[in-house]
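Subject: Structure handover

Hello,

Here is the structure I said I would pass on. My notes on what was found in it follow below.

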Amino acid sequence: MEAATVDSNDEVSKSDITKGKVKSMKNSNVEDIATLDIESRLSLQTSENCPEPHTNGLHQVNGICDSPERGTDAITGLMNKTQNMDTSHSNKSENVGAPTIESKDSDIQYVSYTSELQMPDIMKLIQKDLSEPYSIYTYRYFIHNWPKLCFLAMHEEECVGAIVCKLDIHRKVIKRGYIAMLAVDVKYRKRKIGSNLVRRAIRAMVEDDADEVVLETEITNRPALRLYENLGFVRDKRLFRYYLNGVDALRLKLWLR
C-alpha cells in the first residue's frame, strides 16, 4: 500500500510537474505574445508612415499616422500646409487682379485747385449730375474760401473727377467739414476715383483739426450712399423734400474725434 501510495504520489508529482511546465510554458508564451504585441504597438506608434491607409479616416491623413508623438504634429503640419496653399492661391489671384487695377488708375492724377482756369472744367463736370443748378458764385464761394479742400482727378488734360468742400465752425463749438459737391465722369466710374477724392478731402480736414464731416445726398442715390458708408459715414438725418426736384435727402456724418 505504501509502495502503491508512493507510486501514485510519484505519478501525481510527475503530473503536477508536467502541468507546471505546461503552465510555465503557456505563461511564457503569453508573456512573449504580450511583449510582441507591445513591441508591435510601439513600432506602429513610432512609425511615421503607415504601410496601408486606414479606411476610417481617423488614424491617417495623407499617409501620416496619428501616433501620440507624431499625430498632432503631422495633422497640424498638414493644416498649415493647406492654409499655406490657400494663401498662395489667394495671393496669386490678388496678384493677377492687382496689375489691372493699377493699370486703370495709374493714368489718373490727383491735384489740388490752383487757379481760376480750372473753374470751367469743375463746373462742366459737376453740372452734369447735380439735382439743382448752381451759379458760378456758389462755386467761387466754396473754392475761393477753401481752395485747399478742392481736389481734381485728371486724365491727361481732362478733368474726370472733382470734389468741393469747406471747413468752418458749427454752432461756435464744433469744427465741421462739409462736402458740398462730388462728381466723377460716367466713363471713369467704378475705379475708386470718388473714394480717393473723398479721402484726400478728409485728410486735409483732419490736418486742419476738423471734428466731423457732413454732407447731403439724394435718398435715391444708392451709389453715393454706398460710397460714403464704405468710408465710415453714417446716416444722421432725413431731410424731406430737400432738393428742388422734390426728392428727400439723407444727411451723412463722419465723426473724426
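Please keep in mind that this is a predicted model.

In general, an α-helix has 3.6 residues a turn, so residues three or four places apart point the same way.

Just after H6 comes glycine 232, whose phi is positive, at about 105°.

Next, the aromatic residues. Five aromatic pairs turn up in a search of the whole structure. One of them joins tyrosine 228 and phenylalanine 233 edge-to-face, with 5.4 Å centre to centre and 75° between the planes. Both tyrosine 228 and phenylalanine 233 are buried. Another edge-to-face pair is made by tyrosine 242 and tyrosine 243, at 5.0 Å centre to centre and 90° between the planes.

Are tyrosine 242 and tyrosine 243 buried or partly exposed? Tyrosine 242 has a relative accessible area of 37%, so this residue is partly exposed. Tyrosine 243 is at 11% relative accessibility and therefore counts as buried, the cut-off for buried being under 20%. Elsewhere, Tyr141, Phe142 and Trp146 form one aromatic cluster.

One loop residue is also worth a look. Arginine 189 sits in the loop between S6 and H5 and counts as partly exposed because its relative accessibility is 39%. Apart from neighbours within four places in sequence, arginine 189 is in contact with Asp129 and Val184. Its C-alpha atom is 9.2 Å from that of valine 160, which is 29 residues away along the chain.

Finally, the chain as a whole. It has six helices and nine strands, and 31% of its 257 residues are buried. Of the contacts between residues at least 6 apart in sequence, 57% join residues at least 24 apart. The accessible surface comes to about 17,500 Å², and carbon and sulfur atoms account for 53% of that surface.

Regards

Notes. Residues numbered from 1 in each chain as written. Predicted model: local features only at pLDDT ≥ 70, side-chain atom pairs only at ≥ 80, totals over all residues. Heavy atoms only, no water. Helix = DSSP H or I, 4+ residues; strand = E, 2+ residues; numbered from the N terminus. Buried < 20%, exposed > 50% of the residue type's maximum accessible area, 1.4 Å probe, protein only. Contact = heavy atoms within 4.5 Å. Areas by Shrake-Rupley, 256 points an atom, 1.4 Å probe, with all protein chains shown as cover. Phe/Tyr/Trp six-rings, centres within 6.5 Å; stacked < 30°, edge-to-face > 60°.
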